[in-house]
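Keep the viewer open while you read.

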Amino acid sequence: MDVQSHSQQISGQIIGLLLAAGRGQRFDPSGARSKLLQPLPTADGRTVLATAAGNLAAALPICVVLRGDAPDLAAQVAAYPWLPCATADDGMAASLVCGLEQTADAAGWIIALADMPYVQAATIQALASVLRQGADIAVPTCLGRRGNPVGFSRTHLPQLLALQGDHGARSLLQSHPVVEVAVDDPGIHQDIDTVADIRQSTA
């Protein structure tokens, strides 16, 4: 689904930006299996990517950033606006910048990772609510520990667009005030890096 055709859903809105362009080489160094295409041990058996996208879309309008050479991943998110990132192999920041450039009219962004499918929609809604109330950066905490996704208002758009490499937006969290949002959601700490991670469902 073309992102441009959904610009009316982007302008002035908080957008869920799902970063799904990484190659996940820790999961399978050979590259033969994509972790994002693995089914989760849940009742519906949806893949990691489809579940992460569905949870994000249950809370916000979303945009999914993919590699340009991944039609199998695109098929998993065909119901949502998505875009290919030609520079995805340059690091996470490249995917983030690609998504931000295509949704630059948004009021803010919840930046989510496609390999974190257990984040609850309620957590995403809580972060978006804090941004709407005036926070510039919002992060969820569970049991006193920060996790993902992270919310940014458009105040930080210039700094976000200037990011490079594979560190994402972590540097902004270290140098700017952050509003912590306490949630009862262990999914904010649970990413999929290995086959064992998939079996440890919190659903």
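## Inside the chain

By class, the lining of the largest cavity has 9 nonpolar residues, 2 polar ones and no charged ones. Bear in mind that this is a predicted model. The cavity itself holds about 80 Å³ of space, and the count of cavities of 30 Å³ or more comes to 2.

Who lines the largest cavity? The list runs Leu-18, Ala-52, Asn-55, Leu-56, Ala-112, Leu-113, Met-116, Val-119, Ile-124, Asn-148 and Pro-149. Helix 2 (48-57) and strand 4 (108-113) each put at least two residues into that lining, and helix 2 has the largest share, with 3 residues.

The peptide bond running from Asn-148 to Pro-149 is cis, with omega near 5 degrees. Most peptide bonds are trans. Pro-149 sits in the loop between strand 6 (145-146) and strand 7 (150-153).

**Two covered helices**

Back to helix 2. Because 8 of its 10 residues are buried, helix 2 is largely enclosed by the rest of the structure. Its buried set is Val-48, Leu-49, Ala-50, Thr-51, Ala-52, Ala-53, Gly-54 and Leu-56. What do they pack against? The buried residues of helix 2 pack against strand 1, strand 2, helix 3, strand 4 and helix 5.

Helix 4 (residues 92-102) is mostly covered too, with 8 of its 11 residues buried. Those are Ala-93, Ala-94, Ser-95, Leu-96, Val-97, Cys-98, Gly-99 and Leu-100. For helix 4, the packing partners of the buried residues are strand 1, strand 2, strand 3 (82-85), strand 4 and helix 6 (157-161). Strand 1, strand 2 and strand 4 therefore turn up in the packing lists of both helix 2 and helix 4.

**The nonpolar cores**

The largest nonpolar core has 38 residues, and Leu-18, Leu-49 and Leu-66 have the most contacts inside it. Strand 1 (14-20), helix 2, strand 2 (62-67), helix 3 (71-76), strand 4, helix 5 and strand 5 (137-142) each supply at least two residues of this core. Apart from it lies another core, this one of 27 residues, including Ile-10, Ala-21, Leu-83 and Ala-93. Ala-93 is also one of the buried residues of helix 4.

Leaving aside neighbours within four places in sequence, Leu-49 is in contact with Leu-18, Ala-20, Leu-36, Leu-66, Leu-73, Gln-76, Val-77 and Ala-114.

Is Thr-123 buried or exposed? Thr-123 is buried, with a relative accessible area of 2%. It belongs to helix 5 (residues 121-132). Setting aside neighbours within four places in sequence, Thr-123 is in contact with Pro-140, Val-183, Asp-185 and Ile-188.

| Residue | Relative accessible area | Class |
|---|---|---|
| Thr-123 | 2% | buried |
| Thr-87 | 40% | partly exposed |
| Asp-69 | 47% | partly exposed |
| Leu-143 | 86% | exposed |

Leu-143 lies in the loop between strand 5 and strand 6. Its phi is near 55 degrees, a positive value in a residue other than glycine. Most residues other than glycine have a negative phi.

Thr-87 is in the loop between strand 3 and helix 4. Thr-87 and Ala-21 are 66 residues apart in sequence, and their C-alpha atoms are 9.4 Å apart in space. Asp-69 is found in the loop between strand 2 and helix 3. From Asp-69 to Cys-85 there are 16 residues along the chain, with 9.3 Å between the C-alpha atoms.

**Zooming out**

How many helices and strands does the chain have? The secondary structure comes to 8 helices and 8 strands. Of the 203 residues, 50% count as buried. Take the contacts with a separation of 6 or more: residues 24 or more positions apart account for 69% of them.

Technical notes
Residues numbered from 1 in each chain as written. Predicted model: local features only at pLDDT ≥ 70, side-chain atom pairs only at ≥ 80, totals over all residues. Heavy atoms only, no water. 1 Å grid on protein atoms, 1.4 Å probe; cavity = no way out; pocket = protein on both sides within 12 Å on 5 of 7 lines; lining within 4 Å. Points joined across faces, edges and corners; volume = space filled by probe spheres on them. Helix = DSSP H or I, 4+ residues; strand = E, 2+ residues; numbered from the N terminus. Nonpolar A, V, L, I, M, F, W, Y, C, P; charged D, E, K, R; others polar. Buried < 20%, exposed > 50% of the residue type's maximum accessible area, 1.4 Å probe, protein only. Contact = heavy atoms within 4.5 Å. Core = buried A, V, L, I, M, F, W, Y, C linked by side-chain atoms within 4.5 Å.
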